Protein chains: 2
Amino acid sequence: MRTTLITASDVRAIVDRVGLDAIMDENIRRIHEAFRDYDPSRVQVSVRDGFRYTYPHVGLLEMMPVRVPGGAATIKIVGYHPANPKLRDLPTILATVAVFEAESGHLAGLIDGTFLTALRTAATSAVASTHLASPRSETLGLIGCGGQSVAQLHAISRVFDLKRVLTYDLVPERAASVAARASRFCSPSLEFRSVPLPELVATADIICTQTSVGVGEGPVFEDGVTQPHLHVNAVGADLPNKFEIPLALLKRSLVVPDFPAQTALEGECQRLDPADIGPSLIEIVQNPELVAADRDRTTVFDSTGFALEDHVTAAQLFEYAREAGVGTTIEMECTSPDPFDPYGFVGRGAGGSKRTTSPNI
Amino acid sequence: MRTTLITASDVRAIVDRVGLDAIMDENIRRIHEAFRDYDPSRVQVSVRDGFRYTYPHVGLLEMMPVRVPGGAATIKIVGYHPANPKLRDLPTILATVAVFEAESGHLAGLIDGTFLTALRTAATSAVASTHLASPRSETLGLIGCGGQSVAQLHAISRVFDLKRVLTYDLVPERAASVAARASRFCSPSLEFRSVPLPELVATADIICTQTSVGVGEGPVFEDGVTQPHLHVNAVGADLPNKFEIPLALLKRSLVVPDFPAQTALEGECQRLDPADIGPSLIEIVQNPELVAADRDRTTVFDSTGFALEDHVTAAQLFEYAREAGVGTTIEMECTSPDPFDPYGFVGRGAGGSKRTTSPNI
């Protein structure tokens, strides 16, 4: 019973070999394909759940499970801890992804979920934007310039011919440093400008919001004059009562949830009546004509995360690992030659009281 | 960000060094202590949840999470696949346990959950039996003689002076082979007899049921004349409508759930009115006088599994690993020197389109 581990250095080797652009392009392609082929009668996705806390700092640790035909189950365990960068020099989002053979319970693989989450969240915004934004979008606005903003820029830049990036963050240096952090993949001709929020909102063709705004403290910008065709990817959702988008903009826009059962709990959709919510991204990918008439109006993609994205992305990275010959195999589970002997994995002499403790309860 | 792995060979090294008896004794002691100190306002335990399926075979894969003060969260992912032994030469229950720093989301450790689950399930039955069974119990009855029966026998033998073990299984050879599988830890003077079910039920002081009875196909024995002080540990529960104990015996017994919110869904308690259910095992450990008058009547411990048991047992095994100097540390999460750069973990040259794919969606 072998378990394959893909560690941080393995992911580094994969990225060095394949390249960030090729990985992102392939991830966008695969997520689009998975949405197109998604059949809820065959693929089981649960609303994420786990632990949420406010002491000593706001945070959550949640499980995102999906089971697919053929008997594989992917479970991501993801933490959102906005104090991580300041207190621990760690990213806000840390995650680990475990892949099980759901027909036996065997842990088939374990892989970092941190790069994977940034990648698939951004790739999903790219999928949404290709269906909802103007094909001629040239100006991207980034509200909240932490780690996820870099991945969002990367993904959007792969499917639109961007000319400029407008950045805004409560911490001005963070808005100013996006260009440096994006230099690994961005064309040198791409113009970066750190701008006041109203200018960003008024000018951008596509806006991505990825903030750590506090619960009940949203929205992160005011509605106002925007491009008539503005498309927003709202990706910061992770907690009930956390929201980023002004209600007025939601109400005048086509709002597209990623996972309606979940966006109703913790996405922008939690503030909307069902009648105000449009088709889901999966419905749109499966029937693009649903939004053919909405291309020129404002649209909002309400992205809370869908475990199928994790499954697809883990499978992609495991494939790269096999091709590159990286990864380690270990034997995790204590199994025995006799499946009915729970101690059959140990040596013959392991019984007996080696220590002199006794239960004494 | 180091993650400690305790693999099957590490657990083997721990058991060889510490000994099965000492591990079991210490586990019984620690679970008892954890129950005694349990404070639901500080420790969060969720009812397990996940995927259940009947095709191609009955099975489930579920998550059992617990978060304890100080910010550690233990999440066991456990599979119950009764076709495993026959189809795959694997135990019915396979599990993996992940320990997180819940304040950062970092995966601190990963350990086999298969031996751990057998161990803690049995140790918890021992805790229940010390409070509910006759202290003079000499005869243990095992109904269902798969892997868990061996661990149950081991745990009960550590806290009672057993003279004989009566075994019953639908597969007679399995009932007959318990003695051989238990020889690692059992006194040679312990008598084993494979007996008809009515004889077992009529004679035993303590019965443990650990069967893979089908959903809706219980109970696994008929009520009848029993020892007046009979105590039953019903540990086979894992699915709604799966039950092992005859309703008449439940109704005339003190029924003690491990985790009332969960036993109501998938334990023996799912067939009882709340008024017919006694205090929980944790309440009894915290107030033993609650059951002082019940020692001579029939009692049933309804054991569905409580994630705190997993947490305690994982901590115990990680301690042994540290003492023994076994285990491997790896770097799982892709973190960067700059926590706001999701790609900062890769080499400088990793950008650019190394492959000529394009999203083309």
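Which strands of chain B does helix α5 (residues 147–159) lie across? Helix α5 of chain B lies across β8, β9 (164–168), β11 and β12 of that chain, and runs at about 165 degrees to β8(B). The model is predicted. Chains A and B are related by a rotation of 180 degrees, and 91 residues of chain B are in contact with 91 residues of chain A.

**Relation of the two chains**

- Chain B superposes on chain A by a rotation of 180 degrees, with 0.0 Å of shift along the axis and an RMSD of 0.0 Å.
- The two copies are thus related as by a two-fold rotation axis.
- M63(B) has the C-alpha nearest the axis in chain B, at 4.2 Å from it.

**Interface**

- The contact between the chains involves 91 residues of chain B and 91 residues of chain A.
- On the side of chain B that touches chain A, helix α2 (residues 20–37) of chain B gives the most, with 8 residues.
- That side of chain B is made up of 45 nonpolar, 26 polar and 20 charged residues.
- Of the interface residues of chain B, 100% are also interface residues in chain A, so the copies meet through the same surface.

**Parallel sheet of chain B**

- An open sheet of 7 strands has the order β10-β9-β8-β11-β12-β14-β13 in chain B, with parallel pairing.
- At the edges stand β10 (191–194) and β13 (254–257) of chain B; each has a single partner strand, so one side of each is left without a neighbour in the sheet.
- From one strand to the next, the twist averages 15 degrees.
- Strands β8 (residues 139–143) and β11 (residues 206–209) of chain B run parallel and are joined by 4 bridges.
- I143(B) has T209(B) as its bridge partner in β11(B).

**Helices across the sheet**

- Helix α4 (residues 114–132) of chain B lies across β11, β12 (231–234), β13 and β14 (299–302) of chain B.
- The angle between α4(B) and β12(B) is about 160 degrees.
- Helix α5 of chain B, like α4, lies across β11 and β12 of that chain.

**Nonpolar core**

- The largest nonpolar core has 228 residues, and I156(A) and I156(B) are those with the most contacts inside it.
- Leaving aside neighbours within four places in sequence, I156(B) is in contact with S125(B), A126(B), S129(B), L140(B), L162(B), I206(B) and C208(B).

**Hairpin and cis peptide bonds**

- In chain A, strands β3 (residues 49–53) and β4 (residues 59–68) pair in the antiparallel sense over 5 bridges.
- F51(A) has L61(A) as its bridge partner in β4(A).
- The two strands β3(A) and β4(A) form a hairpin, with 5 residues between them.
- The peptide bond joining Y55(A) and P56(A) is cis, with omega about -5 degrees, and P56(A) is found in the loop between β3 and β4 of chain A.
- In chain B, the bond from Y55(B) to P56(B) is cis, with omega near -5 degrees, and P56(B) lies in the loop between β3 (49–53) and β4 (59–68) of chain B.

**Positive phi in chain B**

- D89(B) is not a glycine, yet its phi is positive, at about 60 degrees.
- The loop that holds D89(B) runs between α3 (84–88) and β6 (93–101) of chain B.
- With 12 other C-beta atoms within 10 Å, D89(B) is exposed.
- N241(B), also not a glycine, has a positive phi of about 70 degrees.
- N241(B) is found in the loop between β12 and α9 (247–251) of chain B.
- N241(B) is exposed, with 12 other C-beta atoms within 10 Å.

Note on methods:
Residues are numbered from 1 along each chain as its sequence is written. Chains are lettered from A and ligands numbered from 1 in the order in which they are written. This is a predicted model: local features need pLDDT of at least 70, side-chain atom pairs count only at pLDDT 80 or more; totals for chains, interfaces and linings use all residues. Copies are superposed by least squares on the C-alpha atoms of residues with pLDDT of at least 70 in both. Two residues are in contact if their C-beta atoms, placed from the backbone, lie within 7 Å. Two strands pair if DSSP finds at least two bridges between them. Axes are lines fitted to C-alpha atoms, for helices over the stretch in contact, and angles run from 0 to 180 degrees between N-to-C directions. A nonpolar core is a set of buried Ala, Val, Leu, Ile, Met, Phe, Trp, Tyr and Cys residues joined through C-beta atoms within 7 Å. A residue is buried if 20 or more other C-beta atoms lie within 10 Å of its own, exposed if 12 or fewer, and partly exposed in between; C-beta atoms are placed from the backbone. Ala, Val, Leu, Ile, Met, Phe, Trp, Tyr, Cys and Pro count as nonpolar, Asp, Glu, Lys and Arg as charged, and the others, Gly among them, as polar.
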